[in-house]
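I opened this model to look up its nonpolar cores and one of its helices. My entries follow in the order in which I checked things.

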Amino acid sequence: MAILTSSLLFSFILSSGVLARPSSTFETRAVTNASLSDVSAAFSRAGIVPGVIPVFQPTGLLDVQFESVKVTPGINLTVKQVSTEPKFGLQVSDTTTASNAQFVIALVDPDAPTPQNRTFAQVRHLLGGGYHWDASTGALTNTTAALSDFLPPGPPPGSDPHRYLVLAYVQSEGFSSKAPSLVNASTPITGFNISTLSEALGLGAPFAGTFFLTGPEAANATNTTAGSDPSPTPQGSGAISVHTPFVMTAVVASALAISLLA
């Protein structure tokens with residue numbers, strides 16, 4: 001049992017990196033009440049609302065692209081397809097507000113190690129602030145270090161596909177000074193709670209968001225119809241803190257990983 005637990009936790013060990021992305025042009029999409037409602041409805045069908053976040057009423061459309069693969073809500077992607085850090089873009093109707101704001105982006109897995117056993121959920125796969133919106137390209141870019149570097153999705157063998165939630169928040173005043181004390185290189189990536197962090201930093205509700213599914217087997221993932229209903233899963237983690245007391249620290253997790261490879 002200890003070996004199994006260690007093996008599962010090893011799947012979520014974070015490698016180092018810097019949150020920096022070149023500008024990219026995203027296809028223009030109309031931000032209408034209908035398009036926003038479609039995304040919101042997909043979140044509800046997938047159990048993300050209220051299982052992971054309490055509400056989701058987006059005011060913009062979030063673009064996420066892994067290499068040549070564009071994410072649409074509920075799309076199934078292979079581990080290989082999501083192995084490189086994605087680019088982000090934003091479609092907005094209020095261009096003045098978006099041009100003057102900075103954004104925070106979070107990528108979390110609420111189904112770790114499996115949708116039936118969420119002992120490690122949520123797993124933080126990316127967290128960074130200081131994103132600026134480019135009105136000419138629609139891209140969100142950041143050249144500063146991430147609070148939590150990108151960790152490629154990698155559900156453990158035998159797991160059902162995981163939901164991976166990508167959220168964009170308008171960055172709050174004081175975020176840059178307060179966030180590093182809550183999330184940094186020594187903070188466990190497991191036992192995370194994006195809603196609790198959002199409340200602690202005054203981020204408010206997500207400005208935009210999307211999600212995709214990734215399973216451990218290639219057979220689980222080919223591009224499906226956008227917005228299709230994912231397989232039903234239990235409600236999300238009931239964690240009430242940014243990281244829960246029973247979760248191993250990143251240092252201990254690394255030591256376990258090393259011992260498994262010895």
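Predicted model: local features only at pLDDT ≥ 70, side-chain atom pairs only at ≥ 80, totals over all residues.

The expected span of a helix is 1.5 Å times one less than its number of residues.

Entry, helix length. I took the 13 residues of α2, which at 1.5 Å a residue should span 18 Å. I found its end C-alpha atoms 18 Å apart, so the two values agree.

Entry, helix faces. I listed the buried residues of α2 as Ser-35, Leu-36, Val-39, Ala-42 and Phe-43. They lie on the same side of α2, because the arc they cover around the axis is only 120°. Asn-33 and Asp-38 are exposed, on the other side of α2. I then looked up what covers the buried residues and noted α3, β1 (60-66), β8 and β9 (208-214) among the elements.

Entry, end of the helix. Gly-47 follows α2, and I read its phi as positive, near 75°.

Entry, largest core. The largest nonpolar core has 29 residues, and those touching the most other members are Phe-43, Ile-48, Ile-53, Leu-165, Leu-167 and Ile-194. Two or more residues each come from α2 (33-45), α3 (48-51), β5 (102-109), β8 (162-170), α5 (175-182) and α6 (194-201). I noted that α2 gives the largest share, four residues.

Leaving out residues up to four places away in sequence, I found Ile-194 touching Ile-53, Ala-106, Val-108, Gln-122, Leu-167 and Tyr-169.

Entry, second core. I also found a separate core of 27 residues, with Tyr-131, Leu-140, Phe-150 and Val-166 among them.

Notes:
Residues numbered from 1 in each chain as written. Heavy atoms only, no water. Core = buried A, V, L, I, M, F, W, Y, C linked by side-chain atoms within 4.5 Å. Buried < 20%, exposed > 50% of the residue type's maximum accessible area, 1.4 Å probe, protein only. Contact = heavy atoms within 4.5 Å. Arc of directions from axis to C-beta.
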